[in-house]
Amino acid sequence: MKQTKNLIIGFGKAGKTLAATFDKHGESTILVEESAQMYGGTCINVGCIPSKKLLFAGKKHDFASAMAQKTALISALRQANFKKVDDLANVEVINATASFVNDHTVELSTGEQITAERIFINTGAVSIMPKIAGIDGKRIYNSTQMLNLGDTQDSHPERLVIVGGGFIALEFAFMYQAFGSKVSIIELNDTLLAKEDDDVREVMQGLLAERGIEVHLGTSVEQFVEQDTHTEVLTNKLTLEADAVLVAIGRRANTDGLKLENTSVQLDERGYVVCNDKLKASDHIWALGDVAGSPQFTYISLDDYRIVVDDLFGSGTRSRNDRQIFPTSVFIEPPLSHIGMTEKQARASGRDYQVAKLPANSVPKAKIVNQTQGFLKAIIDKQTREILGVTLFCENSHEIINLFKLAMDNGIKADYFKSQIFTHPTISEAINDLFGQF
Ligand SMILES: Cc1cc2nc3c(=O)[nH]c(=O)nc-3n(C[C@H](O)[C@H](O)[C@H](O)COP(=O)(O)OP(=O)(O)OC[C@H]3O[C@@H](n4cnc5c(N)ncnc54)[C@H](O)[C@@H]3O)c2cc1C
Ligand SMILES: NC(=O)c1ccc[n+]([C@@H]2O[C@H](COP(=O)([O-])OP(=O)(O)OC[C@H]3O[C@@H](n4cnc5c(N)ncnc54)[C@H](O)[C@@H]3O)[C@@H](O)[C@H]2O)c1
């Protein structure tokens, strides 16, 4: 039986970063990854990077060329990620599936057993596939399969039906529309982006409509029927024909096959590993990233890593509870980015708040780049001048929103932004005018 100080299951963002830190501390570490195609984890191989590459490449290139560029990029990143970890003196990467024998011992699909002082579960999440008749059909894909349709024009779907209306659905809708697909979205809720304010939804509806992306709200799929040339998507309201169906209704914790029943680790009612605010699932087992029920973003998995490292080697002051606000971006055109409270939430909180809003078409840089759709919006506490929330639905918002994480974490008040010096011509400079309204 092999022995090591640290055993990491899964080559995700948290896991690989943790391996490098253990190496710096001279601690023996084994990182087990079940797929050689997943070195670097979801983000690099089947998540953020390939999807954003396709969104970007789709602006200028056809489907086949964009797919080929995407494949080349992620292959290079995967290799670089593997090498970066595998080259570490104290870290061994093993390509195998891990399952628990007990709290200290893991068995690999190779038959080998490993005992470790500490075990870190970083196995990510997988697409939820609903139990609908016909879901196993050959034209029905999850996001991973959709990113790997192949790099020939033949594999391009003329008609794409997307089940779900969240992050993945919206990004893939814009992506495939740019590749010339006729895209339809089927969303169970009566609204898209249910948590967002009405003005965000209005702009989103406009963007989708002008691209000819159909949205069917309050609609549930009842059956998929395979025909020779296409798949029929039967819903409670209408039937759609599809050359490809993407199911994107959320992702669940990937604990399949881990045999956690052999350990003291518990799962919550949604299937996520139960852990405390320092991500400890038992005395010497931690869970990090999507599998731990953390918000499903690469940068949150990285932040989970920071919490664990702070606990093991640092001041022990970090916790899950101290990252109450963090920015998000949906990478469409223009990108939709948000941090803190929406107007709806501010109203519900009972605070005395004030809202400022600026249309993107009043910003010179937006005119330069011909992207004048959307708006910038900020919400502050009227009394304390504290920034409560910012929504940027405009060009470059995915970059600018990070400024407000810094500001809000450090208590920088609204008035600062009235006169902050920004470069020109940029979208960021519009923040002067936005906050000038307060
Ligand atoms: C299409 C798509 C687009 C996305 N876009 C963005 C985005 O733009 N920005 C963003 O921040 N987030 C995005 N996300 C979410 C982000 O990718 C995830 O939140 C993040 O990658 C999760 O990282 P992780 O560290 O939890 O684990 P992961 O990166 O998921 O790694 C888990 C690893 O564990 C391995 N594994 C699983 N079980 C075992 C086992 N038993 N033994 C050994 N190995 C195992 C898996 O093969 C995998 O490599 C996107 C996700 C998807 C699906
Ligand atoms: N830009 C980014 O940061 C980015 C991009 C992609 C994914 N992600 C992450 O990945 C996660 C998973 O993405 P996702 O889009 O699968 O999930 P999601 O939670 O963002 O959206 C799921 C959507 O599906 C709808 N839905 C649920 N059941 C349904 C059903 N039976 N029929 C029709 N609609 C149904 C929900 O109402 C919701 O609108 C995201 O929550 C996000 O954390 C992030």
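Predicted model: local features only at pLDDT ≥ 70, side-chain atom pairs only at ≥ 80, totals over all residues.
Residues are numbered from 1 along each chain as its sequence is written, chains are lettered from A and ligands numbered from 1 in the order in which they are written, and side-chain values use heavy atoms, with hydrogens and water left out.

**Around ligand 2**

- Ligand 2 has 20 residues around it, and the closest are Ile-168, Glu-171, Glu-187, Gln-296 and Ser-329; a residue is near a molecule if one of its heavy atoms lies within 4 Å of it.
- By type, the shell splits into nine nonpolar, seven polar and four charged residues (Ala, Val, Leu, Ile, Met, Phe, Trp, Tyr, Cys and Pro count as nonpolar, Asp, Glu, Lys and Arg as charged, and the others, Gly among them, as polar).
- Helix α6 (residues 167–178) gives the most to this shell, with three residues; helices (H or I, at least four residues) and strands (E, at least two) are DSSP runs, numbered from the N terminus.
- Domain 1 (2–126 + 252–322) and domain 2 (140–249) each supply at least three residues of the shell, with the bounds coming from an automatic or database domain assignment.
- Oxygen atoms of ligand 2 sit 2.9 Å from a backbone N or O atom of Ile-168 and 2.6 Å from a polar side-chain atom of Glu-187.
- A backbone N or O atom of Leu-188 is 3.2 Å from a nitrogen atom of ligand 2.
- On its own, ligand 2 has 840 Å² of accessible area, and the protein covers 76% of that (Shrake-Rupley method, 1.4 Å probe).

- β13 (residues 231–235) pairs with β12 (residues 221–226) in the antiparallel sense over five bridges, where pairing takes at least two DSSP bridges between the strands.
- Val-221 has Thr-235 as its bridge partner in β13, and a hairpin of four residues joins β12 to β13.
- On the other pairing, β13 meets β14 (residues 239–242) over four bridges, again antiparallel.
- Thr-231 has Ala-242 as its bridge partner in β14, and three residues lie between β13 and β14 in their hairpin.
- Thr-231, Val-233 and Thr-235 make up the covered face of β13, while Glu-232 and Leu-234 make up the uncovered one.

**His-284**

- You'll find His-284 in the loop between β17 (280–282) and β18 (285–287).
- His-284 is buried, with a relative accessible area of 14%; buried means under 20%, exposed over 50%, and partly exposed in between (1.4 Å probe, protein chains only).
- Its side chain makes a polar contact with the side chain of His-104 (3.0 Å); within protein, that is a pair of N or O atoms within 3.5 Å, one able to donate a hydrogen and the other to accept it, and residues adjacent in sequence count only if both atoms are side-chain atoms.
- The His-284 side chain also reaches the backbone oxygen of Asp-103 at 3.2 Å.

- The Glu-333 to Pro-334 peptide bond is cis, with omega near -5°, and Pro-334 lies in the loop between β19 (328–330) and β20 (336–340).
- Leu-193 has a positive phi of about 50° despite not being a glycine, and Leu-193 is buried at 17% relative accessible area.
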